[in-house]
Amino acid sequence: MLTIKNLNVQVLDQEIIKDFNLNMKDGEIHALMGPNGVGKSTICKAIMKSPEYQITNGIITFNEKVINNLNTDEISKLGIYYISQNPTTIEGVTNAEMLRMALNARREEKLNIFEFNKKCNEICEKINLPKNFLHRAINDGMSGGERKKNELLHLWMLEPKLILLDELDSGLDIDALKIVSSSIMEYYKEKKPSILIITHHNQILEEIKPDWVHILKNGHIIKSGEKSLALEIEKSGFKEYL
Amino acid sequence: MNKIIVDEYEKNWSQINGCLEVKKEDAHIHLSGNNKITDILINSSNKLTITLEKNASLNLNANWFKEKKDLEIILNCESNTNVKSHCYIETDKHFQLNFKINLEGDQNKCEILFSVVTEKEGNCLIKTMGKIAKNTKENELSEEIKGLSLGNPSITFIPELIVDSMDVIANHNATIKCIDETELFYLKSKGIKKEDAILLIKQGFLNQLKTQGGGKNES
């Protein structure tokens, strides 16, 4: 599914990720943990080819295709979906307009409007989202919780094979976190994607249970283990790894 | 589309509704009653003066796409007039507009909105001058100019207000926005290619203006 080998990433000429390696198989859930500033989010942004993040060494492959040199939209169309900790607002552009364009970009023939509306309505019902979200501008005037639910709408519509969750728990209260996490787990049970979760906390891992947990320090993984590793960190913090 | 031809220097009209086609280099029209101008077809360097007579109203829309122009438009309001105007300019060439609005009497209400999108080699200069005459009462003037620059073209706004009366509500705003890399990345991360993402952002800019007030004029 996703293999990252010897990855180095620079941001503004500063090397944030150094010799990072990760191997995720189909349907696996991995959690990447670590204190602030160790480069957890940088991994997601480098995978998605965010413009300020420059890959200076290493190879990222997705389903055996090297994706380092692809554009962000091409990476997305392969089936990689990224939810950032603070999803961007785009004034004046509705979810429906964006989703229709995104779905058309994935198809040879344009999506029939009736088919599109039907799918939108089904998904809104499924994730218990008011249908007026479709006609709201992307994340505009939405609370932290609403933004994450809005991203779930995009997730269910675009049906990715790999989900990158960058601090999904940021800005969410316990109830909102449960709602968002359970929708992701429902998607996981139905579509069996792989998931990479970036987090500081164990709480989200109680909802989205990882197969593997990795600790990041100085830009690379220094320890990997099963879910119990996250519990250890919950008890003793990251002191041991600083 | 109902076309209203302006082929004389001076003309008086009442209750017009349609697209104004200006054939004189310098023209002056006087309007009374309720008027609606759906668009203005005008040559590249013309001057158009519109005088709204007492109690008249004007709903003015103008859309200029990819045109090279150097225009001067003057709007004179006598008393108790009501103006709502939205000019939309989308250009990849040189576009210059001097827009002057003179509130000469009392109780005029004017809302003026310009929205500008420039791309490629576009170079746009919009000067707006709102003038409220001495000893006038209860005038309201609102001018707003919004710009979106796609790429590296130039947009310059020069909004001016000259207020010679103490009894007036007047404001002007000018904002210019460039394509935001964060927005672009976000849309690309959904699988939308760069050109289409820019198109969506531009569409979003226009949609916002419609909900804000520009669209009111279109009804």
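**Notebook: a predicted two-chain model**

**Entry 1. The sheet in chain A**
I began with one residue pair and found that L2(A) stands opposite F62(A) in β4(A). I note here that the model is predicted. I then looked up the strands around this pair. Strand β1 (residues 2-11) of chain A pairs with strand β4 (residues 53-62) of chain A in the antiparallel sense, over eight bridges.

**Entry 2. The contact between the chains**
I next asked how many residues each chain brings to the contact. I count 22 residues from chain A and 20 residues from chain B. Sorted by class, I list 10 nonpolar, seven polar and five charged residues on the side of chain A that touches chain B.

**Entry 3. Chain B as a whole**
I turned to chain B and recorded two helices and 15 strands. Its radius of gyration is 18 Å, close to the 17 Å that the globule rule gives for 219 residues, so I describe chain B as being as compact as a globular protein of that length. Along the principal axes, the C-alpha atoms of chain B fill a box of roughly 55 × 40 × 30 Å. I find that 37% of the 219 residues of chain B count as buried. Among contacts in chain B with a separation of 6 or more, 63% come from residues 24 or more positions apart.

**Entry 4. The largest nonpolar core**
Finally, I asked which residues of the largest nonpolar core touch the most other members. Of its 116 residues, these are I47(A), I80(A), M98(A), L164(A), L165(A), I197(A) and L200(B). Strand β11 (residues 109-118) of chain B gives the most to this core, with six residues. As general background, I note that nonpolar side chains tend to be buried together in soluble globular proteins. I examined L165(A) individually: leaving aside residues up to four places away in sequence, L165(A) touches I83(A), I195(A), L196(A), I197(A) and I198(A).

Note on methods: Residues numbered from 1 in each chain as written. Chains lettered and ligands numbered in written order. Predicted model: local features only at pLDDT ≥ 70, side-chain atom pairs only at ≥ 80, totals over all residues. Contact = placed C-beta atoms within 7 Å. Nonpolar A, V, L, I, M, F, W, Y, C, P; charged D, E, K, R; others polar. Pairing = 2+ DSSP bridges. Helix = DSSP H or I, 4+ residues; strand = E, 2+ residues; numbered from the N terminus. Rg over C-alpha atoms; globule rule 2.2 N^0.38 Å. Buried ≥ 20, exposed ≤ 12 C-beta atoms within 10 Å, placed from the backbone. Core = buried A, V, L, I, M, F, W, Y, C linked by C-beta atoms within 7 Å.
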